[in-house]
Amino acid sequence: MNEQELKEQIILALKGVYDPEIPVDVYELGLIYDIKIFPVNNVYILMTLTSPSCPSAGSIPGEIEEKVRAVEGVNDVSVELTFDPPYSTELMSEVAKLELGFM
């Protein structure tokens, strides 16, 4: 599997992680700022949450790591949480905006 195919599989895995308070996955919500794949398929994910006081702050990054680690070919996973830049609804995909009634 090449890097692009692996990234697509990682995105599919991310689409299986939901904020428990919002019926849209973390990828479509725009919570994933960056996905990098380093040699030997080590994956780095830079993400945010909808707010620094998000009650799911303790569980979402761990669930992301678990789902991505389960992707065939992934060697290791590092998830970094940031609030810079702060999350805004403008980061949501059109799919998420439709689902949540923003469009």
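This report describes the annotated domain, the strand pairing and a surface patch of a predicted model.

According to the UniProt record, which is an unreviewed entry, the annotation "domain: MIP18 family-like" covers residues 7–80. Over this stretch, residues 7–80, the chain is 30% helix and 24% strand, and the C-alpha atoms at its ends are 17 Å apart.

The sheet is built from three strands, which are arranged in the order E1-E2-E3 and form an open sheet with mixed pairing. Its edges are strand E1 and strand E3, each of which pairs on one side only, and from one strand to the next the twist averages 15°. Strand E1 and strand E2 run antiparallel and are joined by six bridges; within this arrangement, Ile37 has Val43 in E2 as its bridge partner.

| E1 | 32–38 |
| E2 | 42–47 |
| E3 | 76–81 |

A further feature concerns the surface of the model, where Leu98, Phe102 and Met103 form a nonpolar patch whose accessible area is about 360 Å² for the three residues together. Of these residues, Leu98 belongs to helix H4, which spans residues 94–99. Leu98 has a relative accessible area of 57%, and because exposed residues are those over 50%, Leu98 is classed as exposed.

Terms used:
Residues are numbered from 1 along each chain as its sequence is written. This is a predicted model: local features need pLDDT of at least 70, side-chain atom pairs count only at pLDDT 80 or more; totals for chains, interfaces and linings use all residues. Side-chain values use heavy atoms; hydrogens and water are left out. Patches are made of residues with over 30% relative accessible area and no salt bridge: like charges are joined within 9 Å, nonpolar side chains (Val, Leu, Ile, Met, Phe, Trp, Tyr) within 5 Å. Accessible areas come from the Shrake-Rupley method with a 1.4 Å probe; for residues, only the protein chains shown count as cover. A salt bridge is a side-chain nitrogen of Lys or Arg within 4 Å of a carboxyl oxygen of Asp or Glu. Helices (H or I, at least four residues) and strands (E, at least two) are DSSP runs, numbered from the N terminus. Buried means under 20% relative accessible area, exposed over 50%, partly exposed in between (1.4 Å probe, protein chains only). UniProt positions are given in the numbering used here, feature names are shortened, and annotations may be inferred rather than shown by experiment. Two strands pair if DSSP finds at least two bridges between them. Axes are lines fitted to C-alpha atoms, for helices over the stretch in contact, and angles run from 0 to 180 degrees between N-to-C directions.
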